[in-house]
Amino acid sequence: MAKTTSTMLPLGTIAPAFALPDTTANNALVQLSDFTGRPLLVLFICNHCPFVKHIAAQLAALSRDLPAQGVAVISISS
């Protein structure tokens with residue numbers, strides 16, 4: 001048994017609505033509704049996390065490559 005019980009929602013759960021500042025675009029709001037009708041990959045990251053730092057180049061490549069395949073990518077830094 002894990003020491004911390006998972007609170008993960010089941011896969012396929014509809015994402016709740018959100019509106020967060022885009023730190024790359026003068027804090028314009030990014031909302032879930034901006035991506036209606038297309039696949040969206042949401043990454044929950046922490047910029048100072050050693051693991052995230054380790055895979056940063058791969059995450060950047062993913063963020064560049066997936067939009068060409070019709071998949072939007074956003075990262076939410078905790």
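Keep in mind that the model is a predicted one.

**Exercise 1. Find out how many disulfides the structure holds, and check the cysteines one by one.**

Step 1. A disulfide is a covalent bond between the sulfur atoms of two cysteines. Here, the cut-off for counting a pair is sulfur atoms within 2.5 Å.

Step 2. The count for this structure is zero disulfides. Take cysteine 46: the nearest cysteine sulfur belongs to cysteine 49 and lies 6.1 Å away, and cysteine 46 is in no disulfide.

Step 3. Now look from the other side. Cysteine 49 is in no disulfide either, with the sulfur of cysteine 46 as its nearest cysteine sulfur, at 6.1 Å.

Step 4. Is cysteine 46 buried or exposed? Buried means under 20% relative accessible area. Cysteine 46 has 19%, so cysteine 46 is buried.

**Exercise 2. Describe the overall layout of the protein chain.**

Step 1. Count the elements: there are two helices and four strands.

Step 2. Starting at the N terminus, the pattern reads β-β-β-α-α-β.

Step 3. The C-alpha trace spans about 40 × 30 × 25 Å along its principal axes.

Step 4. The chain has an accessible surface of about 6400 Å², and carbon and sulfur atoms make up 62% of it. Of its 78 residues, 17% count as buried.

**Exercise 3. Work out which residues form the largest nonpolar core.**

Step 1. List the members: Leu43, Ile45, Val52, Leu59, Leu66, Val71 and Val73, seven residues in total.

Step 2. Zoom in on one member. Leaving aside residues up to four places away in sequence, leucine 66 touches Leu41, Val71 and Val73.

Step 3. Look for another core. A second, separate one has five residues, among them Phe18, Phe35, Ala72 and Ile74.

**Exercise 4. Locate phenylalanine 18 and say what it touches.**

Step 1. Follow the chain to the segment before strand E1 (19-21), where phenylalanine 18 is found.

Step 2. Identify the contacts. Not counting residues up to four places away in sequence, phenylalanine 18 touches Val30, Gln31, Leu32 and Ile74.

Step 3. Finish with a distance. Leucine 29 is eleven residues from phenylalanine 18 along the chain, and their C-alpha atoms are separated by 9.4 Å.

Technical notes: Residues are numbered from 1 along each chain as its sequence is written. This is a predicted model: local features need pLDDT of at least 70, side-chain atom pairs count only at pLDDT 80 or more; totals for chains, interfaces and linings use all residues. Side-chain values use heavy atoms; hydrogens and water are left out. Contact means heavy atoms within 4.5 Å. Buried means under 20% relative accessible area, exposed over 50%, partly exposed in between (1.4 Å probe, protein chains only). Accessible areas come from the Shrake-Rupley method with a 1.4 Å probe; for residues, only the protein chains shown count as cover. A nonpolar core is a set of buried Ala, Val, Leu, Ile, Met, Phe, Trp, Tyr and Cys residues joined through side-chain atoms within 4.5 Å.
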